[in-house]
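Please read this briefing alongside the sequence and the 3D view. It begins with the protein as a whole and then turns to particular parts.

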Amino acid sequence: MNRVLLTALPSLLVLGALAACATAEPTSAPTAGTTTSAAAKTTTTAPAGPPPVPAPTADGQCPYLASSVVQEANGQLVRKVRLSADQSRPACFFYANATDVQLSVWVFEGEPATAKAVVDRAAPVADSSPASAPAGWAGGSLTTDTGAVYAVAKGGNAVVVTSNQKQTIKARRIAETVVGNLGL
């Protein structure tokens, strides 16, 4: 409904302006040899899609999730941790060896519609099972060819956990831990 209004509103405004011009008294006719043109420019602002998925850029320690928790929940040793550079709360990437990410966590903070879009991109409604943990959060969980995804949002916050393990329960436990550690 809102999208219909956003799309139709500029057209209605232009139509109203043209109707008002048609009923107004003409001030003067253009002189011979000159042409006039009026172009109506309408713009609509569509809600922005989700931001790009963060990528690891530097080694470091995750500020909101200990490697020991990841090792216990995901069942693999954490050999190194890398962080993204483009987030106020960086995305954390936990590696099983030098090149393979075993688990990643992305905490998004922003507009509620964008947080929902982040979750919908990670665990599309049509392809995933409903996710509702921790209490008050909503999203989806999904087993993929490469592991599992657990993504939930609440208000303007979203937490997306991907694991190289096929059990979504592992990713869910990490999401619950992150939400609790950050007090979201």
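## Overview

Of the 184 residues of the protein, 34% count as buried, where buried means under 20% relative accessible area, exposed means over 50% and partly exposed lies in between, with a 1.4 Å probe and protein chains only. This is a predicted model, in which local features need pLDDT of at least 70 and side-chain atom pairs count only at pLDDT 80 or more, while totals for chains, interfaces and linings use all residues. Residues are numbered from 1 along each chain as its sequence is written, and side-chain values use heavy atoms, with hydrogens and water left out. The protein has four helices and eight strands; these are DSSP runs numbered from the N terminus, helices being H or I with at least four residues and strands being E with at least two.

**Layout of the chain and sheet**

- Followed along the sequence, the elements give the pattern α-β-α-β-β-β-α-β-β-β-β-α.
- The eight strands make an open sheet with antiparallel pairing, in the order S1-S2-S3-S4-S8-S7-S6-S5, and two strands are said to pair if DSSP finds at least two bridges between them.
- Because S1 and S5 each have a single partner strand, they stand at the edges of this sheet, and one side of each is left without a neighbour there.
- Strands of a sheet pair through backbone hydrogen bonds, either parallel or antiparallel.

**Strand S3 and its partners**

- S3 is joined to S2 in the antiparallel sense over four bridges, and Lys80 stands opposite Tyr95 in S3.
- S3 is also joined to S4 by four bridges, again running antiparallel, and here the bridge partner of Tyr95 is Val101 in S4.
- S3 and S4 form a hairpin, with five residues between them.
- In a regular strand the side chains alternate between the two faces of the sheet.

**The disulfide**

- The structure holds one disulfide, a term that stands for a pair of cysteine sulfur atoms within 2.5 Å.
- It is formed by Cys62 and Cys92, whose sulfur atoms are 2.1 Å apart.
- The pair links distant parts of the chain, with Cys62 in the loop between strand S1 (58-59) and H2, and Cys92 in strand S3, 30 residues apart.
- The torsion about the S-S bond of Cys62 and Cys92 is about 80°, so the disulfide is right-handed.
- Cys62 and Cys92 are both buried.

**The nonpolar cores**

- A nonpolar core is a set of buried Ala, Val, Leu, Ile, Met, Phe, Trp, Tyr and Cys residues joined through side-chain atoms within 4.5 Å.
- The largest such core has 26 residues, of which Tyr64, Leu65, Phe94, Val105, Val159, Ile174 and Val178 touch the most other members.
- Two or more residues of this core come from each of helix H2 (67-74), strand S2 (80-83), strand S3 (92-95), strand S4 (101-109), strand S7 (148-154), strand S8 (157-163) and helix H4 (168-182).
- H4 gives the most to this core, namely six residues.
- Apart from this core lies another, of 14 residues, which include Val118, Val149, Ala151 and Val160.
- Leaving aside neighbours within four places in sequence, Tyr64 is in contact with residues that include Cys92, Val105, Val107, Val178 and Leu182.

**Helix H3 and what covers it**

- The buried residues of H3 are Thr114, Ala115, Val118 and Val119.
- These residues cover an arc of only 145° around the axis, which puts them on the same side of H3; the arc is that of the directions from the helix axis to the C-beta atoms.
- What covers the buried residues of H3 includes S4, strand S6 (138-143), S7 and S8.
- S6 is joined to S7 by six bridges, with the two running antiparallel, and the bridge partner of Leu142 is Val149 in S7.

**Ser128**

- Ser128 sits in the loop between helix H3 (112-122) and strand S5 (129-131), and it counts as buried because its relative accessibility is 17%.
- The side chain of Ser128 makes polar contacts, that is, pairs of N or O atoms within 3.5 Å in which, within protein, one must be able to donate a hydrogen and the other to accept it, residues adjacent in sequence counting only if both atoms are side-chain atoms.
- The side chain of Ser128 reaches the backbone oxygen of Ala123 at 3.3 Å, and one of its polar atoms lies 2.8 Å from the backbone oxygen of Pro124.
- Not counting residues up to four places away in sequence, Ser128 touches Ala123, Gly140, Ser141 and Leu142.

Notes. Contact means heavy atoms within 4.5 Å.
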